[in-house]
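Trainee: I would like to go through the labels put on this structure and ask what each one rests on.
Mentor: Go ahead; we take each label against its cut-off.

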Number of protein chains: 2
Amino acid sequence: MNGILDGLRIVEAAAFVAAPMAGVTLAQMGADVIRIDPIGGGLDYRRWPVTADGTSLYWSGLNKGKRSIAINLGSVEGRELASSLISAPGADAGIFVTNLSASGPMSYASLIEKRPDLIMVHITGSPDGAIAVDYTVNSAVGFPAVTGPSQDGGPVNHVLPAWDSVCAMVTTTAILAAERHRRATGQGQYVRIALSDVAMAVVGHLGYLAEVEINSTEREACGNDVYGTFGRDFRTRDGHRVMILAITPRQWGSLLVAMDLNEAVQAIESSRGIDCFQEADRWRARDLLFPLVEEWARNRDFDNIRAALDEHDVLWGPYQTFTQLMENDKRCSAANPMFQKVDHPGIGRYLTPGLPIEFSEVQRVPAGPAPRLGEHTDEILSEVLGLGPSRIHVLREEGLVSS
Amino acid sequence: MNGILDGLRIVEAAAFVAAPMAGVTLAQMGADVIRIDPIGGGLDYRRWPVTADGTSLYWSGLNKGKRSIAINLGSVEGRELASSLISAPGADAGIFVTNLSASGPMSYASLIEKRPDLIMVHITGSPDGAIAVDYTVNSAVGFPAVTGPSQDGGPVNHVLPAWDSVCAMVTTTAILAAERHRRATGQGQYVRIALSDVAMAVVGHLGYLAEVEINSTEREACGNDVYGTFGRDFRTRDGHRVMILAITPRQWGSLLVAMDLNEAVQAIESSRGIDCFQEADRWRARDLLFPLVEEWARNRDFDNIRAALDEHDVLWGPYQTFTQLMENDKRCSAANPMFQKVDHPGIGRYLTPGLPIEFSEVQRVPAGPAPRLGEHTDEILSEVLGLGPSRIHVLREEGLVSS
């Protein structure tokens, strides 16, 4: 068995982050993810970051472990071929994921004529189908207004495409739920996920909307202070930064012992009539508490701070650049079974993540490289559509497929 | 049928974001999510934001649509009762999700003695089980070093708990994959998800690690500029901010027409010998391109900008605060079928999100309120464990449960 989804086949026609990241996750669970690529590559085939010779590290990162068939999607015949692939028989096949416009032969209406139990997951920007991307969704939902050290300089965008990343995993969830339903009932369906809905559901779940409606307030920017509890970045004597938190009473107790702050904090508690073992009181008294920890950190080097905080089980972590992450953090190394050094043809050998889920009864699928565009064209045409070599030859001559 | 997961039962013993957000998502797909709450509430029961009288909008947002049983988990008898609930029979039951320490009767080893086909999903901070939370994972993986207008002021944290949100959906994916496996094989399993793995997998998928190893560079902070393409925030004459992007050639063409910039951009292209229809060239020439769009935006009011950009299908979006999101964005209103105005007992009526997935063959589960602590204690003890009223009475008298 090759992963927990061994045998399941998903066809993907997609670009950018959300749908491809869903696909890489399914592939790393053992599914056969067939990516339909336009001949010459889609909209994101050359996206940055790229290697010195222009190969996209972004594209190859998001398409690991998939099979690629390159089809001329600009032609009706090409789209017909794609639709045959999507609707090919098999109890574990007939699942299609796209974030493209999916018109004509690749529309749901056309596809279910060929395969009535098709599951199609269509990711759009907004619920009405209007275009929206991570950046425009994020600007709309409110986070840039409360991110960063102060709002004098205007909004601060996330760099992480957070909504795309959440949407990817909403997509894998939706696929598995719809496939479960099909297994039980024989019924396929059309599944729609709007990126803005993904974001607004999270915003609502976390209470930001209720703050506006119920409290008639909204979250204000508070820099790196962690809202409603104790937490912030602190500078060490030797110029490092560390994130130190105390969210639970136990963590707060640990921090007080590690930094020998019991007495100083008791004085604050007495003067303000508060109990800093209450999370809300730690937040309210942060103007007095932060300077104590600032001073403690400012007078110590990073290595000493690490030792002291670890000894007492304080909740903390270093700030690291991407380079430091790879150099200093063993969680981001081949010592972590999620990671492997993988040879990526045309790019080189680098540390590559597999699935961030460990199933006790199923072995990890080794992280593999992304396919070349059209690397599996012949194999897929033969295996899935049953085409013989001469027919495949004709398709290639007509420019409908390439490999 | 009440949602696509109708009949599936998941028991949750959890705090904070990742596991509860997985639970609310499963509940909104129709699963029966039974939350085991400690009597008096768990670590996050009073987390901010709170209402004027201290009711947590955070807790209620993350526990919508679940059933609550309140058990004294500090006692062995209480943990035994919880373990009976987790391991109760039923083909669609026997799924347990936790991000707590899960020792003693609630450990996997003990639980599978009662139910060998149990699926237990255990969310930890780091893969070795060490504690880590969204804030310490985020500081470690590199994003705060590249977020914000400049790095002179130090790292900039996300405000969104992005990794917890991704992890929530990784968790729902893992549950459905393991349940699919159990349906096929009869076999349960122990499933581990480390929050840091979730983050590092995303960092790897997006190419940040390959940049370090292959290019010997790493991403630098570039404020709100969208890396590798054309995009940034711009200020309007009347003081609004808008995010304007051109990721695809079509979007770039639209922008040029909407802003009448063809001539000015051609001059830039000639002087630099570039083709701004190439994404990478737009990024390289942003020092010259941004001022053109800046000037265009600075000389127009928001309403005119909106009209001009929408007319030409330019990719853009407004920056909104949380209040503006609710006041001005119809995607965040009861006009969007994902949202409903829901009465939350003890809090009030507010706009509440349901599931961000629309299944064509299954009706949406109406967004419901969170339970009171222990609201369903009697019902669950009777229905799931088959206990009679007198036994339940004894359990309450002994302080093992409350309602």
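Trainee: Why is B:R286 called partly exposed?
Mentor: This is a predicted model, and in it B:R286 has a relative accessible area of 25%. Buried means under 20% and exposed over 50%, so B:R286, at 25%, is partly exposed.

Trainee: What makes B:D225 and B:R286 a salt bridge?
Mentor: Their closest N and O atoms are 3.7 Å apart. The cut-off is 4 Å between a side-chain nitrogen of Lys or Arg and a carboxyl oxygen of Asp or Glu, so this Arg and Asp pair qualifies.

Trainee: Why is the pair of B:D225 and B:R286 said to tie parts together?
Mentor: B:D225 lies in the loop between α8 (208–215) and β7 (230–235) of chain B, and B:R286 lies in helix α12 (residues 286–298) of chain B, so the pair links parts that are 61 residues apart in sequence.

Trainee: How do you know that B:K114 and B:E80 form a salt bridge?
Mentor: Their closest N and O atoms are 3.2 Å apart, and the limit is 4 Å. B:K114 is in helix α4 (residues 108–114) of chain B and B:E80 in helix α3 (residues 76–86) of chain B, so the pair ties together parts 34 residues apart in sequence.

Trainee: Are B:K114 and B:E80 to be called buried, partly exposed or exposed?
Mentor: B:K114 has 39% relative accessibility and counts as partly exposed. B:E80, at 37%, also counts as partly exposed.

Trainee: What makes B:R9 buried?
Mentor: Its relative accessibility is 17%. Buried means under 20%, so B:R9 counts as buried.

Trainee: Which residue forms a salt bridge with B:R9?
Mentor: B:D32 does, with the closest N and O atoms 3.4 Å apart. B:R9 belongs to strand β1 (residues 9–13) of chain B and B:D32 to strand β2 (residues 32–38) of chain B, so the pair ties together parts that are 23 residues apart in sequence.

Trainee: Which residues of chain A are linked in a network of salt bridges?
Mentor: The network links A:R9, A:D32, A:R67, A:E379 and A:E383. Over all chains, the structure holds 54 salt bridges.

Trainee: What makes strand β3 (residues 67–71) of chain A mostly covered?
Mentor: 5 of its 5 residues are buried. Both faces are covered, with A:R67, A:I69 and A:I71 on one side and A:S68 and A:A70 on the other.

Trainee: How do you know that β2 (residues 32–38) of chain A and β3(A) are paired?
Mentor: Pairing needs at least two bridges; 5 bridges join these strands, which run parallel. One of the bridge partners in β3(A) is A:I69, which goes with A:I36.

Trainee: Which strands pair between chain A and chain B?
Mentor: Strand β6 (residues 189–194) of chain A is joined to strand β12 (residues 358–359) of chain B by 2 bridges, and the two run antiparallel. A:V191 has B:F359 as its bridge partner in β12(B).

Trainee: What makes helix α5 (residues 134–141) of chain B mostly covered?
Mentor: 8 of its 8 residues are buried; among them are B:Y135, B:V137 and B:V141. The buried residues pack against β8 (241–246), β9 (315–318) and α14 (322–328) of chain A, together with α6 (162–185) and α7 (195–205) of chain B. After α5(B) comes B:G142, with a positive phi near 110 degrees.

Trainee: How many residues are in contact between chain A and chain B?
Mentor: 146 residues of chain A are in contact with 146 residues of chain B. The area buried between the two chains is about 12400 Å², and carbon and sulfur atoms give 68% of that area.

Trainee: How many salt bridges does the rule find across the interface of chain A and chain B?
Mentor: The rule finds 10. One salt bridge is formed by A:R180 and B:D92, whose closest N and O atoms are 3.7 Å apart. With a limit of 4 Å, that distance qualifies. Helix α6 (residues 162–185) of chain A gives the most to the side of chain A that touches chain B, with 16 residues. By class, that side has 84 nonpolar, 38 polar and 24 charged residues.

Definitions and conventions: Residues are numbered from 1 along each chain as its sequence is written. Chains are lettered from A and ligands numbered from 1 in the order in which they are written. This is a predicted model: local features need pLDDT of at least 70, side-chain atom pairs count only at pLDDT 80 or more; totals for chains, interfaces and linings use all residues. Side-chain values use heavy atoms; hydrogens and water are left out. Contact means heavy atoms within 4.5 Å. Buried area is the accessible area (1.4 Å probe) that two parts lose on being put together, summed over both. Helices (H or I, at least four residues) and strands (E, at least two) are DSSP runs, numbered from the N terminus. Ala, Val, Leu, Ile, Met, Phe, Trp, Tyr, Cys and Pro count as nonpolar, Asp, Glu, Lys and Arg as charged, and the others, Gly among them, as polar. Buried means under 20% relative accessible area, exposed over 50%, partly exposed in between (1.4 Å probe, protein chains only).
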